[in-house]
Amino acid sequence: MRGKSFRYKCLLLKQTVTVCQRCSVDLELCPLNTAIRHVQDAKMPLHEAMEKESLNFNQLCTFESFEDVWNHYGYKSVFQDVIEREFSRIKGITYLDHAGTTLYPESLVREFYQDICTNVYGNPHSHNPSSRLTHDTVEHVRYRILQHFNTTPDEYSVIFTSGSTAALKLVAESFPWRPPTAAEPASQFCYLTDNHTSVVGIRGVISALGVVSLPVSPEEIEARAKDVDQSEGLGALLVRNDTAALLRKTYFGGGTAAAYLAGDNYYVPASNMSSRFEDGTVSFLDIIALNHSFDSLHTLTGGMDKIQLHTFGLTRYTYMLLSSLCHGNGQPVAQIYSDSEFENPSTQGAILNFNLMDCHGQMIGYSQVDKLASLFNIHLRTGCFCNAGACQLFLGITNQVVKSNLQAGHVCGDNIDLVDGRPTGSVRVSFGYMSTFQDCQNFLNFVADCFVEKPVKVDQDKLDRLKSNTSSKGSSRCLLTMLTNGKPDHIDEREHASTDLVVNQRGGKAITKDAKSHEKAQTLTNIYIYPIKSCAAFEVTDWPMGALGLLHDRGWMVVNGNGVCLNQKREPRLCLIHPQIYLPSNTLLLQASGMNTICVPLKNHSEPPQSHRLCQNMVCGDRVETVDCGDEAASWLSEFLGQPCRLIRQSPDFSRVMKKGHEKEISSTALSLVNEAQYLIVNRASVDLLQRHITNRQESSDDHQPLDTQTLISRFRANLVISGKEPFEEDDWSHLIIGNTHFQVAGRCGRCQMIGVDQSTGAKTKEPLLSLSAYRKGKVTFGVYLVHQSLEDSNSTLSVGSSVKSEMS
């Protein structure tokens, strides 16, 4: 309390200072200073004054407050019952990527299953009874699609494709583009600058024809938007019948020809529009499933108009709170990219696009948001969403900046979210007909908990203005209640190091180059083996090295019923499986609480090679050849994890090579099932500094999740731990000698949300990812990768206590 009083007193005494030392904002805007004025003016206790400037965000995000601004929630049946009955698989998940892919109800799967189990559907190009059934059902679905888009077969034809992109490609390749001639100008392809990539990509088809591509800004066409007919089908192309003759197809596949000659250039297309453009056999079972989808949609919701009101209400409410949310110093939390303020569901869809900002107004990279969201099972989307034009427009990215970013290494779809402090993309949340208020609540609480400098504040004037614009009737009851939240005495401890320092990280200890010459000796303190990828560590004091790294490190992995590799991001309980290797008996033991220990041979020498079950699996984008370890291990894992699983190991005859593109040039190196490189090393000095940083953050917030040094080390899942000289000096290493073994540094280890999994319980926490990202200025790296410097090193043994010598880049 003495420290608190001292800080308050300092602010009160510095009457000539116009900028708050705590918040770096004008004193008139500082919430703490405002509270102190309340104390002076009204003689009220300090804690009551702080209540006037603080907001309990849990009470802010209530269903009652949602009903104040929007009363179209759910459908004709009891909505929560529908969710529990039809979408039980998403319990514990906040799914907010419906613009990418929405979800299907369980009754749809049951009805489709019953349909294909009862009926026999044959190839629609035949004329037998099963084929006729398929043909008639597909034609019925065509009609339902046209009905869904408020049109009829007299006006439009439906052409089934694999998706929207395939439909656009079909148009691009079939339209009679006219090259320039002496008599007539060339055709023009006009598209909006914020069109999807698949629309802009039509330029690639027409460029060789001399056709003019004309980008049009949304502002230029906005005035005519009401007169433009814009019909589109998902997985289908809707073509106006009176313009169908314009499309001239060159390729013809099965079912598209009325007649053709194999020995002569003679071809007559099918007269029916759909048959002419659907090459080969359509995916008729998917189309039949679509028939049941229409039924489910109507049964569960009552129609698209009700879905529109439901999803818009959730999006609008999220927009109102997110756009009004502020840090304790009054700085806004989010920059939202929108042309409207979500007043009208007829002009704004159920999509919210934004970036988050820290209390200093600096952008927080979307990759950091994505990692933390994944840690808490919040599914959203980040990047530019295949829409480069809109991304440039809203983020203010010039054409030259796009080219410069590419030269800096940023490409579409990567995790380079900030270049020179400016965002390269954004965060997107989108709602579907099965989205609930709790999804809004979970998302908003996630933002407030992980990214808002406490105490949480709301721009009340903006919120009141947005509330008054609501298109739905609601009560006039106040949306917010002022309550105590957070610890007002938080002092930002960031250090500002000068440019001549080797380490210049926010919140970290700065080290001068001269200080490195008289430091304590480095030693190897821990060795960890991870026999099964993503399972618990096996600590040893000395261990032989192999051609792929530490012997048997990441030699096995667990796959699900579809053969997809499981990791702790998908299945945190993997950390509760404790594998141990006993070299004398060549066995791998699997242990877990409540389970009998089983033994798996390291190598199946007793089995003939032909009895091995070879598999093809993917690890970090690489295709690897693996061998199944048998039914006993599969049953053990399936029982413990509660889903069909199998244990597989890397085939001894298969060679996986380390990818190019690391920070350092590395010669061809063989890998096990590791992610990036043969070895991962962390420095205890770096761990200690991060641990102190986490403790300081927690002392000034509501979080109380103490992480000691050893717990942090376990989160980073390194092979080798050293007692380094200085924090983060490893970032600048080029080579390392441990004992007599020589290593080359391959680069820094980029961290994902997996470091948020408690390796002793499987529970998820936002630390250390949040503090690491803050410390590293959004670049979440910790530890460095190593590879053998020579083949001779692979026959060595590493021992705890060995000396460590490093060379700087």
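Is Arg178 buried, exposed or partly exposed? At 34% relative accessibility, Arg178 counts as partly exposed. Keep in mind that this is a predicted model.

Today's topic is salt bridges. Searching the whole structure turns up 17 of them.

Start with Arg178. Its side chain meets that of Glu184 in a salt bridge, at 3.9 Å from N to O. What about the partner? Glu184 has a relative accessible area of 40%, so Glu184 is partly exposed too.

Next, Asp731 and Arg748. Their side chains form a salt bridge at 4.0 Å, N to O. Where do the two residues sit? Asp731 is in the loop between strand 32 (720-723) and strand 33 (733-738), while Arg748 belongs to strand 34 (residues 741-750). The partners are 17 residues apart in sequence, so this pair ties together separate parts of the chain. Now the accessibility. Asp731 is buried, because its relative accessible area is 10% and the cut-off for buried is under 20%. Arg748 comes out at 31%, so Arg748 counts as partly exposed.

One network to show you. Glu139, Arg142 and Glu278 are joined by salt bridges that share partners.

Look at one link in that network. Glu139 pairs with Arg142, and their closest N and O atoms are 2.9 Å apart. Both residues lie in helix 8 (residues 129-148). They are 3 residues apart, about one turn of the helix. Is Arg142 buried or exposed? Arg142 counts as buried, at 10% relative accessibility. Glu139, at 33%, counts as partly exposed.

Technical notes:
Residues numbered from 1 in each chain as written. Predicted model: local features only at pLDDT ≥ 70, side-chain atom pairs only at ≥ 80, totals over all residues. Heavy atoms only, no water. Helix = DSSP H or I, 4+ residues; strand = E, 2+ residues; numbered from the N terminus. Buried < 20%, exposed > 50% of the residue type's maximum accessible area, 1.4 Å probe, protein only.
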